[in-house]
Amino acid sequence: MRPLHFFLRLSARMMRMRKTTIGLIIVIFVTVSATIAYLLEPSTFHSWFNALYWVMTTMATVGYGDFFAATVAGKIFTLFLYIFGIGLLSLVIGKIIDSIAGIQRQREAGTLNFHGGNHVILINWSRKARSAIDEILTYDPKAQIVIVDETDRHPALQMHQVHFVSGDPSSAETLIKAGIERARAAIIFADTRIEETSLTDGKSLLIASSIERIAPEVHTTVEIMHEKHIQNFRFVQVNEFVLSHDAISSLAVRAALQEGNSAVISQLISREHGDDIYEVPCNPAWKTYGEAFQALLGQGATLLADRNDMSINRRLSESIPADARLYVVADEATYRRITGK
């Protein structure tokens, strides 16, 4: 029973070893075993590499039979490999499987750091955030998305492009784990789990302040419950605001009073169906808004705005400023043709 007891104790100790330590042990074990095998039967293996090949096939239990021990010493050493070598390799395989399972468990729990870049961070999980994922992937099927939420389980586990970080979104540690400094944009959704809307906006403001402090260059969009709180968010230099209830109320009124109006708006705010709003580069040959309007119209696009100014179609004779950002309504094929993408 003593050899068995020793083997069990040895296995238990090795299971507690670091993966790098076990990896080093198996490399040394294979190297030494190949050397011993070649020294025991040089006429069988002819070279050290052949002995290494034999040790590996023996430990992996595939044994092709092209090399085998002929002497008693060689056969005893083969038995040694059967007992310890195969067990050691099985231990390594078990460690690898355990590591993969551990990474998956960490991914589910949201404890892994995100190491990518140019990604979109969605803060506070909700049905709106789920719809936002679909919309982002419609724009860019290869986009990387990171969800930050205080829940302890990945809310979109089946989507491999979506990483999850669990923690307080206003915490610098959590935002850094989500790669906020390398992010393309951050969208802060109102936390619907908070019943008091003022507190909801307060939490969003705290998160926005943390993002501004850590990564001021990241484009930040915030869903706001009350319009009166917008000035507070301007103070922390949030890039875009979305009023949570106003858009829904406006669409409902338009649907009731102007039939078909809401369908047009819904089409423009979703890329999944019909035309969409795109930003197009300003051609140096366009001197006025009128020239830009005619040129784009000839390509199948309608000039809509310069930044947030939608009155430019009433000022077609005016010169286009150097810092203009032109937006058009078009389908994706037309947009790609205009931009050459």
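1. Strand β2 (residues 145-149) is joined to β3 by 5 bridges, and the two run parallel. Within this pairing, isoleucine 147 of the model, which is a predicted one, has phenylalanine 164 in β3 standing opposite.

2. The β2-β3 pair belongs to an open sheet of 6 strands, whose order is β3-β2-β1-β4-β5-β6 and whose pairing is parallel. The edges are taken by β3 (162-166) and β6 (240-243), and because each of these has a single partner strand, one side of each is left without a neighbour in the sheet. From one strand to the next, the twist averages 20 degrees.

3. Helix α8 (residues 197-214) packs on the sheet, where it touches β1 (120-123), β4 (185-188) and β5 (219-224). The direction of helix α8 makes about 175 degrees with that of β5.

4. A separate point concerns aspartate 306, which lies in strand β8 (residues 302-306). Aspartate 306 is buried and yet has no salt bridge; the nearest side chain of opposite charge is that of arginine 307, 4.7 Å away, whereas a salt bridge is counted within 4 Å.

5. What does the side chain of aspartate 306 reach at 2.9 Å? It is the backbone nitrogen of arginine 325 that the aspartate 306 side chain reaches at this distance.

Conventions: Residues are numbered from 1 along each chain as its sequence is written. This is a predicted model: local features need pLDDT of at least 70, side-chain atom pairs count only at pLDDT 80 or more; totals for chains, interfaces and linings use all residues. Side-chain values use heavy atoms; hydrogens and water are left out. Helices (H or I, at least four residues) and strands (E, at least two) are DSSP runs, numbered from the N terminus. Buried means under 20% relative accessible area, exposed over 50%, partly exposed in between (1.4 Å probe, protein chains only). Lys and Arg count as positive and Asp and Glu as negative; His and the chain ends are not counted. A polar contact is a pair of N or O atoms within 3.5 Å; within protein, one must be able to donate a hydrogen and the other to accept it, and residues adjacent in sequence count only if both atoms are side-chain atoms. Two strands pair if DSSP finds at least two bridges between them. Axes are lines fitted to C-alpha atoms, for helices over the stretch in contact, and angles run from 0 to 180 degrees between N-to-C directions. Contact means heavy atoms within 4.5 Å.
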